[in-house]
Amino acid sequence: MFTTAQALTLLPLLASFVPSALALDATAMRSKSVYQLVTDRFARNSSVTTTCNAADRKYCGGTWSAVAGQLDYIKGMGFDTIWISPVVDNIGGSTGEGEAYHGYWTLDTNSLNSNFGTADDLKALSTALHNKGMYLMVDVVVNHVAATSSADFAPSAAYGPFSAQDDFHPFCWITDYTNQTQVEECWLGDSAVALPDLNTESATVKQFWNTWITQLVSNYTLDAVRIDTVKHISQSFWPDFVNAAGVFNQGEVLNGDATYVGPYQNTAKVNPFNYPIYYPLVRAFNGTNQNLTELTAMVSTVKSSFNDPTLLGSFLNNHDNPRFESAVSDTSLIKNAHTYPLVSDGIPYVYYGSEAGFKGGNDPDNREPLWTTSYDTSSDMYKFFASLNAARAAAGAASSSFYTNQATVSTLSSTALLVNKSPLISVLSTTGSSASDASVTIPSSSSGWAKGTKVIDAVSCNELTTDDSGNLAVTVSKGLPVVLIESSKKGGVCANGTTSSTGSGSGSSSKSAGEKTASGMGLVMAGVLSAAVFGVQALI
Ligand code: ABC
Ligand code: CA
């Protein structure tokens, strides 16, 4: 046995054996696929049975340990990283806007929010993820704390490290989002819940945050952080903070203008979520036959505005915006819109409940409890996300430059978008599920495919073959997305079987394997066969 003194001298040595390589840097993050969840709403102990109405804006009982109990549900869809909502202690009780169930109303940033569990529970979640080869991203709020009203607010010991007047910017509401000084120095919130703005220019506040983030990452072995309200703090604050975090960051700069968001990556070293693409993406698919040129034009603008578009966070849904499904009910439009973030540039984020067909609109309705679904892994959308993640992973495994090469996004027709991120090539359509079959051709000049190349559609599991010129005729059936990779590179794509369509190279059919509908007798037979022999499509 060692004496205490001996043990202490050995500690640094031991620490060097602990695998610290888990934390994600930019290179490692590129190959990840993230599932975003609101801790209070994703999973709770089964002994808690109270009804959870999102509209009530109250705590519903979700915990970190319950999240740890549902990791296979997430992993089964092919996601390897989870982003959980903020973890620190929040203001208690009820406000005019309900309770702090979402975690963004910081009280003492040095303590954890006991509604979600203990420090050991959070560490156990981190460990459980790592044991499954998964990763943890935690949401951090640096811009503000919270108070029930601006008039009542006074810095005090209750705010942990921020107990001095100098730690805050003097009160004023943000009223004009085009005034950047206001955006940075005035307060978010409203008369029901004020969000007192921290004086992030103060050396004391800066130093506190830098030390805090280093410790948070270390204490809970975090792999990445999501940073809240990035545009509400001066750009000069961020480089030191992200450096102190030492892990990959994805930051919220809530603005649709790429030239406004770009500098946060280019000079402030934050990797923003791709809000510039989000708005045109929603508009491209929020009805049938929408114009696609706003989206293709934005892809170009993003390329010229960001140093590295492949590190932006791509998403369709999140906790702040109405779910796409609240405005669109056509299942094909929904699938096309969800496909884009997974087959184009950037790190894909899928918001919990998208796999369960949740349709909640604006905050707070978009924060539904997931336990009401019994974590169903048999739904069409659950399997759909598994197919997309499998396709993305196969492309990454087949080509070392898949994640770093920038996609080319162009129109094949007025209703079809070609997303070419070699070796993954997708056709997204706006025709909707009641459209008749439409044919599009992917020219060899854009795919690089030689004649007679066999490719597989990860969505339908149909195999297609290029013609003598290397061109590929694709039939878009029922307006569904088509996600293609060479069959020789398919990895886990359609692991439980494919459907060959010989000769013409057409015949992308409508449903996943095992659920074929008639589009030719051969297809039906093959579908029945693959369904009988292989059962439902592989989950991963
Ligand atoms: C509370 C209530 C809600 C109520 C709301 C008004 O107040 O709970 O029921 O509807 C947290 C909670 C919220 C809570 C807020 C305020 O705190 O989650 O439920 O809402 O108490 C981040 C987080 C978010 C979090 C906070 C606060 C910040 O993701 O979940 O909210 O820690 C601004 C911020 C942004 C913030 C967002 C909610 O508000 O910049 O950081 N999100 C314009 C502005 C944006 C603004 C946005 C929404 O409006 O430019 O700065 O975001 O108000 C595009 C333009 C954009 C424009 C959009 C609308 O259109 O390019 O610039 O955004 O075309
Ligand atoms: Ca601020």
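1. In this predicted model, a polar side-chain atom of Asp 363 lies 2.6 Å from an oxygen atom of ligand 1. Two further polar contacts (pairs of N or O atoms within 3.5 Å; within protein, one must be able to donate a hydrogen and the other to accept it, and residues adjacent in sequence count only if both atoms are side-chain atoms) involve oxygen atoms of ligand 1: a polar side-chain atom of Asp 228 at 2.9 Å, and a side-chain N or O atom of His 144 at 2.9 Å. Taken alone, ligand 1 exposes 1,100 Å², of which the protein buries 69%. Accessible areas follow the Shrake-Rupley method with a 1.4 Å probe, and for residues only the protein chains shown count as cover.

2. Ligand 1 has 22 residues around it (a heavy atom within 4 Å), and those that come nearest are Arg 57, Lys 231, His 232, Asp 320 and Asp 363.

3. Helices (H or I, at least four residues) and strands (E, at least two) are DSSP runs numbered from the N terminus.

4. Asn 143 counts as buried at 1% relative accessibility, and Glu 184 is buried at 14%. Buried means under 20% relative accessible area, exposed over 50%, and partly exposed in between (1.4 Å probe, protein chains only).

5. Ala 394 lies in helix α14 (residues 380-398) and is buried, with a relative accessible area of 6%. Its C-alpha is 6.6 Å from that of Gly 492, 98 residues away in sequence. Leaving aside neighbours within four places in sequence, Ala 394 is in contact (heavy atoms within 4.5 Å) with Ile 485, Lys 489, Lys 490, Gly 491 and Val 493.

6. Overall, the chain has 16 helices and 18 strands, and buried residues make up 57% of its 540 residues.

7. On conventions, residues are numbered from 1 along each chain as its sequence is written, while chains are lettered from A and ligands numbered from 1 in the order written. Local features need pLDDT of at least 70, side-chain atom pairs count only at pLDDT 80 or more, and totals for chains, interfaces and linings use all residues, with side-chain values using heavy atoms and leaving out hydrogens and water.
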